[in-house]
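Reader: Can you walk me through the side-chain contacts here? Keep it short, please.

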Amino acid sequence: MTEQADVTRQADAVEQGRPLAGRVALVAGATRGAGRAIAVELGRAGALVYVTGRTTRERVSEVGRATETIEETAELVTAAGGTGIAVPADHLEPDQVKALIARVDRDHGRLDVLVNSVWGGDHLLEFDTALWDLDLADGLRMLRLGVESHLVTSHYALPLLIRRPGGLVIEMTDGTAAFNRTYRGNLCFDLTKNAAHRVAFGLAAELKKYGGTAVSLTPGFLRSEEMLDHFGVTEETWRDAVAQEPHFAVAESPLLVGRGVAALAADADKARWSGRSLSSGQLAKEYDFNDADGSRPDGFGYFEEVVLGGKEGSPEDYR
């Protein structure tokens, strides 16, 4: 296909509401939560999406949830209008990641979007515990899950991504850079969730000459499957949890961050964001989209300005 024909085809896809048609994405850590929603929304925009994770219909990861699998995520991607391809992978195993990228290269010869969303460390958390009282193995495991896995993935994936200008790398994390200046109550967790901002900053510098963009991105107070289970509510009854946790009133569904990634990936001028820390609420304002219920939550706007900044306001003011 000629370059002009490719441009014409992409213009037609945009008119049909599929601005990512012909693009190939990899969402590492797409089993559930933000990663799953991001994969689905990239598919809805027309992308072919590789979804990876450790929990399959045959095997459950250390997270211990058999209720979400990468096969189910791939099916949701395809049902949304994209093409979902599930590949079991432990991103702490370099040989598995190397084989994954070799497959993407062999089958498609390109990678346009890389979302590093691997985590799976919530079950290791001990908040408000000094470093010397932490379970050291658990703390170091968090760092491996949330930092090392991202570095391994980018090491193998970026040579394929930089073949074409316009590539996008998203480092998923918990908390904006501004919010994370407040200590997160567990040193290993704090390091893990702050590392994503610095990784994105560094990759932005390295990708610039190839026309690539790297950002860090956080959802707000996420109504993930695990969080809903934690509060004993469902997506339909989530407001019942506000009595237990008043800040949950600003919570958002995973759809919001998914829409944010799809909008960012389709933006021809996305390089203006490179190296920055972004949030789902910020992207919703920039690209003019809402959550599933029609609201536009700005979770970290609320936490930064009201909870930490002392500004008068309520969660409902930030929806």
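Author: Helix 5 (136-161) and helix 6 each supply at least two residues of the lining of the largest cavity. Helices here are DSSP runs of H or I with at least four residues, strands are E runs of at least two, and both are numbered from the N terminus. This is a predicted model: local features need pLDDT of at least 70, side-chain atom pairs count only at pLDDT 80 or more, and totals for chains, interfaces and linings use all residues. Residues are numbered from 1 along each chain as its sequence is written, and side-chain values use heavy atoms, with hydrogens and water left out.

Reader: How many cavities of 30 Å³ or more does the search find?

Author: The whole structure has 1. A cavity is a set of points, on a 1 Å grid over the protein atoms alone, where a 1.4 Å probe fits but cannot get out; lining residues have an atom within 4 Å of a point. The largest cavity holds about 30 Å³ of space. That volume is the space filled by probe spheres set on the points, with grid points joined across faces, edges and corners.

Reader: Which residues line the largest cavity?

Author: Gly146, Val147, His150, Leu151, Glu171, Thr192, Ala195, Ala196 and Val199. They divide into 5 nonpolar, 3 polar and 1 charged. Ala, Val, Leu, Ile, Met, Phe, Trp, Tyr, Cys and Pro count as nonpolar, Asp, Glu, Lys and Arg as charged, and the others, Gly among them, as polar.

Reader: New topic. How many salt bridges are in the whole structure?

Author: The search finds 23. Each is a side-chain nitrogen of Lys or Arg within 4 Å of a carboxyl oxygen of Asp or Glu. One of them joins aspartate 174 to arginine 184, with the closest N and O atoms 3.1 Å apart. Both residues lie in the loop between strand 5 (168-172) and helix 6 (187-207), so the pair ties together parts 10 residues apart in sequence.

Reader: Is arginine 184 buried or exposed?

Author: Arginine 184 is buried, at 17% relative accessibility. Aspartate 174 is partly exposed, at 29%. Buried means under 20% relative accessible area, exposed over 50%, partly exposed in between (1.4 Å probe, protein chains only).

Reader: What about aspartate 288, which residue does it bridge to?

Author: Arginine 296, with 2.6 Å between the closest N and O atoms. Aspartate 288 is exposed at 59% relative accessibility, while arginine 296 is partly exposed at 24%. Elsewhere, salt bridges that share partners join Arg32, Arg65, Glu68 and Asp229 into one network.

Reader: Now the rings. How many aromatic pairs are there?

Author: The count is 11. Rings of Phe, Tyr and Trp (its six-membered ring) pair if their centres lie within 6.5 Å; planes under 30 degrees apart count as stacked, over 60 as edge-to-face and the rest as tilted. Phenylalanine 127 and phenylalanine 189 are edge-to-face, 5.6 Å centre to centre with 85° between the planes.

Reader: Where do phenylalanine 127 and phenylalanine 189 lie?

Author: Phenylalanine 127 is in the loop between strand 4 (113-116) and helix 5, and phenylalanine 189 is in helix 6, so the pair ties together parts 62 residues apart in sequence. Phenylalanine 189 is buried at 3% relative accessibility.

Reader: Which residues form the aromatic cluster?

Author: Phe179, Phe221, Phe231, Trp238, Phe248, Phe300, Tyr302, Phe303 and Tyr318 form one cluster. The charged end of arginine 223 also sits over the ring of tryptophan 238, 4.2 Å from its centre. The rule is NZ of Lys or CZ of Arg within 6 Å of the ring centre and within 35 degrees of the ring normal.

Methods: On a 1 Å grid over the protein atoms alone, a cavity is a set of points where a 1.4 Å probe fits but cannot get out, and a pocket is an open set with protein on both sides within 12 Å along at least five of seven lines; lining residues have an atom within 4 Å of a point.
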